[in-house]
Amino acid sequence: MKKIIKENIMHGLNGMSWGMGFGWLIGLIILIILIWLIVKAVNNGSTSAPQQSKSALEILKERYAKGEIDKEEFETKKRAILS
């Protein structure tokens, strides 16, 4: 009877040590995956759509609208762009 109890105790401890030995590894892997998912979600939310290149005429119109160039210069450059 003592032998059976002793074997059951030893078997239980061995089983526990196996689980305890690799249990932390599984927890660590789950933690790493969670951190990766969070970082990925944050980065996807912060990335903006790439801006499309503006044509020379659009840039010229913006400069004229902002008052950086006068009407005469706008018309001269516009003719140069369109020709």
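**Helix pair α2 and α3.** I started with helix α2 (residues 56-66) and helix α3 (residues 71-82), whose axes come within 10 Å and cross at roughly 180°. I noted that axes are lines fitted to C-alpha atoms, for helices over the stretch in contact, with angles from 0 to 180 degrees between N-to-C directions. So α2 is roughly antiparallel to α3 (the label for angles over 145 degrees).

**Ground rules.** This is a predicted model, where local features need pLDDT of at least 70 and side-chain atom pairs count only at pLDDT 80 or more, while totals for chains, interfaces and linings use all residues. Residues are numbered from 1 along each chain as its sequence is written, and side-chain values use heavy atoms, with hydrogens and water left out.

**Who touches whom.** For the contact of α2 with α3 (heavy atoms within 4.5 Å), I listed A56, L57, L60, K61 and Y64 on α2. On α3 I found K71, F74, K77, K78, I81 and L82. I sorted the contact residues into seven nonpolar, four charged and no polar (Ala, Val, Leu, Ile, Met, Phe, Trp, Tyr, Cys and Pro count as nonpolar, Asp, Glu, Lys and Arg as charged, the others, Gly among them, as polar).

**L82.** I looked up L82 in helix α3: its C-alpha atom is 9.7 Å from that of A56, 26 residues apart along the chain. L82 counts as exposed because its relative accessibility is 57% (exposed is over 50%, buried under 20%, partly exposed in between, with a 1.4 Å probe and protein chains only).

**Whole chain.** I counted three helices and zero strands (DSSP runs numbered from the N terminus, helices H or I of at least four residues, strands E of at least two). Of the 83 residues, 5% count as buried.

**Confidence.** Mean pLDDT (the predictor's confidence in each residue, from 0 to 100) is 80 for the chain. Helix α1 (residues 2-46) is lowest at a mean of 73, and α3 highest at 94.

How values were computed. Parallel < 35°, antiparallel > 145°, perpendicular 65-115°, else oblique.
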